[in-house]
Amino acid sequence: MIRRIVVAAVAACSFLSLGQVVSAAPETPSNVHVVAVTQTSITLAWDAVPGDLLSYEVYQNGSMSRIVGGRTTTKTVDNLQPGREYRWTVLARGRDRVLSAQSSLVLATTAARPPDVTPPTAPAGIAVVHSGANNVSLVWQPSTDDVAVTGYEVRLADKRIAMSTGPSASVNGLKANTDYAFTVVAKDVGGHFSAPTPISVRTGEGADPVGEAVPLAVSDDVPWGLTFLPDGSALYSERDTFRVYHLTPDGTKTFVATIPDVAGTSGEGGLMGLAYKDSWLYVMHTTATDNRIVRFRYSSDVLDLASREILVSGIARSKFHNGGRLRFGPDGKLYASTGDAQNSANAQDLNSLNGKILRLNPDGTVPWDNPFHGSYIWSYGHRNPQGLAFDSLGRLWQAEFGNSETDELNLIRKGGNYGWPYCEGRCGLHDRALLDPVQTWRTFNGSPSGITIVHDTIYVAGEAGQRLYRMDIHGNTVTVPETYFFGTFGRLRTVEATRDGNLWLTATNGDKDNTPGNDANTVTLIKLN
């Protein structure tokens with residue numbers, strides 16, 4: 001059976017309330033100029049615009065790059081490429097959220113980097129500063145290079161098992177009471193590696209809180225959604241092949257079905273989130289025209305494709321920013337994350353399902369107690385949210401990809417506005433109607449995709465950050481993030497808690513295209529103790 005649920009239009013637009021007077025746009029920022037340049041950064045400044053401003057937006061090559069508060073008139077944009085010309089404009093946004101015209105265009109070129117022709121020196125003086133049952137910490141003297149050292153790798157049998165940006169590293173997921181022979185190498189900006197320096201380590205007895213990593217399965221595609229079944233086995237999706245597999249705790253992998261009507265976007269779309277409940281498998285996927293949520297009957301290891309029901313359709317698709325995570329809450333409702341489909345205005349538009357957290361009944365109808373009558377929308381003002389998880393109090397936590405600077409971990413409130421595109425990261429200093437994240441990361445250290453919660457400890461899988469973060473929940477806050485598996489598996493997509501309190505973790509290397517079967521990824525058991 002195919003059923004389409006039509007979303008009722010929200011009576012009040014998110015931009016203007018009924019009868020609100022449209023304000024004039026702020027003056028255009030003037031005197032935009034460059035005050036400093038390095039190989040990887042450019043610092044801009046401009047004259048203050050009169051009036052009460054919410055923010056300034058810095059555009060790089062025609063796309064919004066950075067946001068600063070309305071009282072700030074300078075910004076350093078980092079993480080740029082050496083010797084490259086960049087085009088800059090600045091816009092002002094008033095308290096009523098109306099944007100000014102763009103400033104005059106300013107051109108600036110980062111400083112050139114000299115050729116790097118010599119490998120770095122080998123790390124020296126390697127020492128073990130901590131050796132637990134499953135985790136080891138190493139330190140060494142910094143390497144030198146003719147240009148610059150960019151990082152280090154710890155290797156086991158010539159395979160990278162950890163990396164770092166400075167002269168120390170943690171190696172995680174090791175087997176207890178075992179001898180290991182590691183090497184450490186330095187890497188420079190030219191891509192050269194130093195000679196290896198060996199170090200021998202023996203792990204201790206017992207078990208660490210984040211314990212041994214045990215391989216479960218390999219995939220030549222992108223393992224995206226993962227949901228556990230009552231017997232402790234799981235179903236997972238491959239984004240670009242559109243296939244669903246069954247995986248048991250002992251690593252037995254079985255093909256289940258290819259989901260019909262799925263299409264890629266030459267980027268991040270395809271077969272995404274999965275959630276299982278009461279003999280139904282819920283699926284979020286991209287089609288040739290939209291993103292949608294469907295469900296199929298699943299029993300006795302068989303997915304009945306003829307039983308498909310289309311619950312929500314018409315969610316805009318795009319090359320990037322498709323969201324895609326599904327999670328059932330303790331209230332029995334299905335929650336879904338949707339991206340802004342690369343149109344930031346969608347996030348604030350309550351007539352759009354994009355840039356939102358959605359909440360629906362299992363049969364696809366709209367719950368009566370949703371905050372906006374007749375709408376699936378539970379919260380809004382999101383850019384590209386993916387991770388969803390509930391704590392012991394039934395509260396929803398969410399992880400969100402930032403624009404160019406700041407990723408977020410949010411505690412979601414019913415009807416809450418999380419600020420995009422008016423702000424990135426913390427918003428409350430600029431507009432108290434916008435909700436602040438609980439935790440933020442620089443985008444190159446995070447790109448948080450999947451999250452899960454075990455005994456009120458949050459685990460966050462980072463893509464660009466290539467690491468797993470661990471934080472304990474304390475009221476409405478979290479502890480300082482601890483980093484695990486930095487560089488061990490590469491980019492990380494999904495982390496899910498097993499029914500016996502461990503983790504399954506999926507890698508997502510090669511996820512920048514929709515070519516099926518051209519990747520090398522893993523599903524790994526992480527033992528928690």
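Student: What makes β6 and strand β7 (residues 106-109) a pair?

Tutor: Four bridges join β6 to strand β7, and the two run antiparallel. Two strands pair if DSSP finds at least two bridges between them, so four is enough. A strand here is a DSSP run of E, at least two residues long, numbered from the N terminus. One of the facing residues is Trp-88, whose bridge partner in β7 is Val-106.

Student: Where do these values come from?

Tutor: This is a predicted model, where local features need pLDDT of at least 70 and side-chain atom pairs count only at pLDDT 80 or more, while totals for chains, interfaces and linings use all residues. Residues are numbered from 1 along each chain as its sequence is written, and side-chain values use heavy atoms, with hydrogens and water left out.

Student: Which strand do seven bridges join to β6?

Tutor: That's β3 (residues 53-60), running antiparallel to β6. Ser-55, for instance, has Arg-93 of β6 as its bridge partner.

Student: Why is strand β6 called largely enclosed?

Tutor: Buried means under 20% relative accessible area, exposed over 50%, and partly exposed in between (1.4 Å probe, protein chains only). Eight of the ten residues of β6 (residues 85-94) are buried, so the rest of the structure largely encloses this strand.

Student: Is Thr-241 buried or exposed, and how do you know?

Tutor: Its relative accessibility is 14%, which is under the 20% limit, so Thr-241 counts as buried. Thr-241 is in the loop between β17 (234-238) and β18 (243-247). Contact means heavy atoms within 4.5 Å; leaving aside neighbours within four places in sequence, Thr-241 is in contact with Asp-221, Thr-258, Pro-516 and Gly-517.

Student: What makes the side chains of Thr-241 and Glu-238 a polar contact?

Tutor: They sit 2.8 Å apart. The rule wants a pair of N or O atoms within 3.5 Å, where within protein one must be able to donate a hydrogen and the other to accept it, and residues adjacent in sequence count only if both atoms are side-chain atoms.

Student: What makes β15 and β37 stand at the edges?

Tutor: The strands of this open sheet go β15-β39-β38-β37, with antiparallel pairing. β15 (210-219) and β37 (492-497) have a single partner strand each, so one side of each is left without a neighbour in the sheet. Five bridges join β37 to β38 (residues 503-507), with Leu-492 partnered by Ala-507 in β38.
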